[in-house]
Amino acid sequence: MAERMLKFTTVARRTPEKRAAEERNGDFHEIYADFIDAKANEQASRCSQCGVPYCQTHCPLHNNIPDWLRMTAEGRLEEAYALSQATNSMPEVCGRICPQDRLCEGNCVIEQSGHGTVTIGSVERYLTDKAWEMGWVKPLAAKADRGQSVGIVGAGPAGLAAAEKLREEGYAVTVYDRHDRAGGLLIYGIPGFKLEKDVVERRTKRLADGGVTFKLGFEVGKDASLEDLRAEHDAVLIAVGVYAARDLTVPGGGDKGVVPALDYLIASNKKTLGDEVPAYDSGELNADGKDVVVVGGGDTAMDCVRTAIRQGATSVTCLYRRDKANMPGSLREVANAEEEGVTFEWLAAPRALSGDAQAVTGVRAIRMRLGAPDASGRRSPEEIPGGDFDRPAQLVVKALGFEPENLPELWDAPDLKTTRWGTVKADVRHQMTNLDGVFAAGDIVRGASLVVWAIKDGRDAAAAMHRYLKAKAAATLIAAE
C-alpha cells in the first residue's frame, strides 16, 4: 500500500478537465469531464493517509474517505465504491454538488501543508459513475415484509435517503411530493450544469424498482391532511425542505420583474426537461436579452447568475453585501461564474429598484464596508455615505435564502409545533415531533442547508423510525397475547 500512496510530494493536484466558458455557456450540460481510470488512481494516490483524517471528520456523513481513496489508488474500484456508498445514499450527487472546498477538501491535511488538497469530490463522483457503468450498483433489496407502512412527505434528498433505508428494513414506503417528478431541489432547484437530471432519475428509479411507491403531484393540505396520513401509515416523516423566499425589502421590491430565485430556477429546469413553462416563454422567468441583477451570495445566487448567462442575458451582475472572503457560497462556483462572464459587486447592497409596477428598469445600490462583529461573530456590513451607484436591470432575482412554509396552517395541523423561525420542532436524538409517530428531517428542521446534511438527516430519521416501529410492533404483539 505504501508505495501506491503518499504521492502528494511528486504528483500535482489535478481536477477533471473543465469545458471552456465560451463552449459551456451555450448549454446546461455539466461542465466537468469524467476522470479517466488512470487519472483517478493517480489523484487518489496523493492522499497522505494521515492518522487524524480531518476530511472524514468534516464530512457530515463521516464518509470513510482515506480508505476508499487508498482502494482507488490500488485499483480496487468495486471495493472502494462499496465503502463509499455504505455511508452515503447518493455519493455521485455529493461528488458533484457538495462544497468540498468548505468540507472535506478544505480540511485536507496536505492542503494545510501547501501541497494542494486531494480531489476527493471528483474521485467520489468517478467511483459511483463507474459503479453504475459496471453494474456494481445493486437493486434495492428489502428484508421480509414487516406489515407496517411509512409515509414520507417530500421526495428531496432527505426523504429519498430515508425511503431507501426504511424499504431495506422491510417497511412499505410511500413517498408523497407536490411536484411531478421525484428529487425535490435536486431536480428543480439545481441547474443541469452542476447536476444532470439523469443522475437523480436513476436513483429514484432504483427506489421505485425496489418497491418504494411514489405519489407525485400530491399536495398535503389539499389532497390529504397530516391526520389522514397518520391514519394511513404507522409512522410519517416530514421532509419537505424550505421553499418560501425571503423578500427584498426595498422600494420597488415587489414590482414586476423582481422574482424569487427558486421560481426562476424551477422554470429553467422544467424548460430543460422539456416541459411547457408559460412564464418562461412569456419572458417573465427568462433572462434572454435582459440585464440581470441577482441579489445574494450563496450557492443559489451562483446557480441563478450562471443560469442567466446560459439563457442569453445581455449582462449579469451579482450584488453581495459582504466581501468575497465572507460569502456563504462556494468559491469554486464563484470562479466558474467569473469565467462565464458574471460581474460581481462585492460589498454592495440594493437600496431601491427603479421602474414601476409593470416593469423594473434598474437597481440603485450602495457601497458597503464591514464594521464591528454582530452576535454571530461576523462583521456587520454598513453603508458608506455617498456610495450610491446604479445598474440597469430588466430582471432582478432575489436569492436571499429560504424560510419554511407555515405547515400547521397549510396542512390543517394546528397541533404540530414549530420554532420561532417556522421550522418543525423535532427531538434532537429521536427526530420525532411532538406528534406521536410523526418525524421530521432535513431543512424543515435545521433550516436551509446542504444536500449532504439532508442525506444525513434522512438516514438518521430512518434509523429512529425503525426503532420506533419495532417498539410499536412489539407493544402490539404483547397487547394481543
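Visitor: Is Leu127 buried or exposed?

Guide: Buried means under 20% relative accessible area, exposed over 50%, and partly exposed in between, with a 1.4 Å probe and protein chains only. Leu127 has 1% relative accessibility, so Leu127 counts as buried. This is a predicted model, in which local features need pLDDT of at least 70 and side-chain atom pairs count only at pLDDT 80 or more, while totals for chains, interfaces and linings use all residues. Residues are numbered from 1 along each chain as its sequence is written, and side-chain values use heavy atoms, with hydrogens and water left out.

Visitor: Which residues is Leu127 in contact with, leaving aside neighbours within four places in sequence?

Guide: Contact means heavy atoms within 4.5 Å. On that basis Leu127 is in contact with Trp68, Thr72, Leu77, Ala80 and Tyr81. Asp37 is 90 residues from Leu127 in sequence, with a C-alpha to C-alpha distance of 9.5 Å.

Visitor: Where is Leu127 found, and how is a helix pair read?

Guide: Helices (H or I, at least four residues) and strands (E, at least two) are DSSP runs, numbered from the N terminus. Leu127 is found in helix H8. Two packed helices are described by the angle between their axes and the distance between the axes. Axes are lines fitted to C-alpha atoms, for helices over the stretch in contact, and angles run from 0 to 180 degrees between N-to-C directions. Here H4 (residues 65-73) packs with H8 (residues 120-134) at about 65°, the axes being 11 Å apart.

Visitor: Which residues in H4 and H8 meet?

Guide: From H4 come Ile65, Trp68, Leu69 and Thr72; from H8 come Ile120, Val123, Glu124, Tyr126 and Leu127.

Visitor: How many disulfides does the structure hold?

Guide: A disulfide is a pair of cysteine sulfur atoms within 2.5 Å. The structure holds zero. For Cys47, the closest cysteine sulfur is in Cys55, 6.4 Å away, which is too far for a bond. Cys59 is in no disulfide either, with the sulfur of Cys104 the nearest at 6.5 Å. Cys47 is buried at 8% relative accessible area, and Cys59 is buried at 8%.

Visitor: Which domain does UniProt place at residues 25-135?

Guide: UniProt positions are given in the numbering used here, feature names are shortened, and annotations may be inferred rather than shown by experiment. An unreviewed UniProt entry places "domain: Dihydroprymidine dehydrogenase" at residues 25-135. That span is 51% helix and 0% strand, and its end C-alpha atoms are 33 Å apart.
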